[in-house]
Amino acid sequence: MEEGNQTGMVLFHFRPFSKLPEVQTLIFVVFLMMYLVSIGGNMSIVLTIWINRCLHTPMYFFLANLASLEIFYSSTIAPLTLASVLSTERTVVSLAGCGAQMFFFIFLGSADCILLAVMAYDRFVAICHPLRYSLIMSWHLCVQLALGSLLLGFILALQLTVLIFRLPFCSSKEISLFYCDVLPVMRLACADTRVHEATLFVVSVIVLTIPFLLITLSYVFIVDAILKIRSAEGRHKAFSTCSSHLTVVLLQYGCTSLIYLCPSSSYSPERGQVFSVVYTFITPMLNPLIYSMRNKELKDALRKAVMRFLLLEKQ
């Protein structure tokens with residue numbers, strides 16, 4: 001019986017947020033606004049850093065990479081979610097389509113988390129070893145670290161996605177989220193998933209726990225170095241360059257850890273729905289706002305870029 005079901009085409013559909021069309025329309029508008037703000041904000045950061053030569057430093061190089069990742073990360077989830085929410089009928093996703101979305105979600109999300117650890121290392125070198133900063137953080141190393149984040153994310157995503165989609169899925173199923181996430185899809189399998197759950201936990205430790213521990217260790221040394229700075233202005237400047245990054249780290253790692261580092265047996269679709277909205281829509285939207293508000297150099301560069309654009313429009 002199970003074998004016969006596997007031979008048919010496997011189709012998935014997403015669980016709606018609400019059965020009321022009015023609520024679905026409201027959710028669509030909110031999600032669309034968040035997506036547009038996320039794309040616009042992150043694109044502004046990338047273009048501002050690219051245009052302004054004074055921002056061509058390792059810190060802003062990594063920030064531009066992070067903003068680029070956020071653009072692709074949001075675009076992996078948002079378009080299909082918006083189409084699903086707006087549609088009056090079920091939005092059906094094929095096995096291959098679901099696998100592709102899951103792969104890019106894991107790939108870009110993992111690279112994002114690893115890059116945040118790289119950025120913490122950059123701040124550690126800048127504050128704890130300022131005289132050797134340009135020597136240590138060479139452009140060659142910066143490119144290697146950025147590419148390394150992508151490569152590790154790619155390898156982990158490929159292995160996990162292939163492993164999950166080799167599972168037998170009996171028939172068309174309802175995914176308890178608004179996108180193809182690992183745990184909800186794994187729950188639809190007609191087989192023992194203990195090995196897959198263990199693999200997901202290992203990947204989560206590599207992507208979340210280890211980078212977070214490295215970030216924490218970096219900030220222990222950073223705070224110690226900042227407290228030794230005698231001038232209040234110097235301490236404030238050092239804290240301001242780190243506060244935006246630390247805020248993003250807490251947002252990014254907070255919700256994802258509550259989902260992927262908890263035992264899969266305790267997974268709740270309702271809780272997963274709420275946390276997923278945070279790290280797929282809210283965090284990508286807030287990241288550019290946090291960096292632009294808390295970073296004086298970037299804020300000034302953005303202001304100049306807007307003023308330049310307005311002057312060109314008047315001419």
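This is a predicted model: local features need pLDDT of at least 70, side-chain atom pairs count only at pLDDT 80 or more; totals for chains, interfaces and linings use all residues.
**View 1. Helices α4 and α8, packed side by side.** The axes of α4 and α8 come within 9 Å and cross at roughly 20°. Angles under 35 degrees count as roughly parallel, and α4 and α8 are therefore roughly parallel to each other. The crossing of these two helices, α4 and α8, is left-handed. On the α4 side the contact is made by Ser110, Cys113, Leu116, Ala117, Ala120, Tyr121, Arg123, Phe124, Ile127 and Cys128, while α8 contributes Val207, Leu208, Pro211, Ile215, Ser218, Tyr219, Phe221, Ile222, Ala225 and Ile226. Sorted by class, the contact of α4 with α8 has 17 nonpolar residues, two polar residues and one charged residue.

**View 2. Helices α6 and α8, running in roughly antiparallel directions.** Helix α6, which covers residues 139-164, and helix α8, which covers residues 194-227, have axes that come within 10 Å and cross at roughly 170°. Angles over 145 degrees count as roughly antiparallel, which makes α6 roughly antiparallel to α8. In passing α8, helix α6 makes a left-handed crossing. The residues in contact are Leu152, Leu156, Leu160, Leu163 and Ile164 from α6, together with His196, Thr199, Leu200, Val203, Ile206 and Val207 from α8. By class, this contact of α6 with α8 has nine nonpolar and two polar residues, and no charged residues.

**View 3. Helices α4 and α6, meeting in a right-handed crossing.** Here α4 and α6 pack at an angle of about 145°, and their axes lie 8 Å apart. From α4, the residues Gly99, Met102, Phe103, Ile106, Phe107, Ser110, Ala111, Ile114, Leu115 and Val118 meet a set in α6 that consists of Leu145, Ser149, Leu150, Leu152, Gly153, Phe154, Ala157, Leu158, Leu160, Thr161 and Ile164. The contact of α4 with α6 divides into 16 nonpolar and five polar residues, with no charged residues. Ser110 of α4, which takes part here, is also among the α4 residues in the contact with α8.

**View 4. The largest cavity, with a volume of about 240 Å³.** The model holds three cavities of 30 Å³ or more. The largest cavity is lined by 18 residues, and those that lie nearest its centre are Phe105, Gly109, Ser110, Val207 and Tyr260. The elements that give two or more residues to the lining of this cavity are α4 (95-128), α8 and α9 (232-260). By class, the lining of the largest cavity consists of twelve nonpolar residues, five polar residues and one charged residue. Two of the residues near the centre, Ser110 and Val207, also belong to the contact between α4 and α8.

**View 5. The second largest pocket, with a volume of about 360 Å³.** This pocket is lined by 20 residues, of which Gln24, Ser84, Val85, Ser87 and Thr88 are the closest to its centre. Helices α2 (21-51) and α3 (58-86) are the elements that give two or more residues to the lining of the second largest pocket. The largest share of the lining, four residues, comes from α3. By class, the lining of the second largest pocket has eight nonpolar residues, eight polar residues and four charged residues.

Definitions and conventions:
Residues are numbered from 1 along each chain as its sequence is written. Side-chain values use heavy atoms; hydrogens and water are left out. On a 1 Å grid over the protein atoms alone, a cavity is a set of points where a 1.4 Å probe fits but cannot get out, and a pocket is an open set with protein on both sides within 12 Å along at least five of seven lines; lining residues have an atom within 4 Å of a point. Grid points are joined across faces, edges and corners, and a volume is the space filled by probe spheres set on the points. Ala, Val, Leu, Ile, Met, Phe, Trp, Tyr, Cys and Pro count as nonpolar, Asp, Glu, Lys and Arg as charged, and the others, Gly among them, as polar. Axes are lines fitted to C-alpha atoms, for helices over the stretch in contact, and angles run from 0 to 180 degrees between N-to-C directions. Angles under 35 degrees count as roughly parallel, over 145 as roughly antiparallel, 65 to 115 as roughly perpendicular and the rest as oblique. A crossing is left-handed if the near helix is turned anticlockwise from the far one by less than a right angle, and right-handed if clockwise. Contact means heavy atoms within 4.5 Å.
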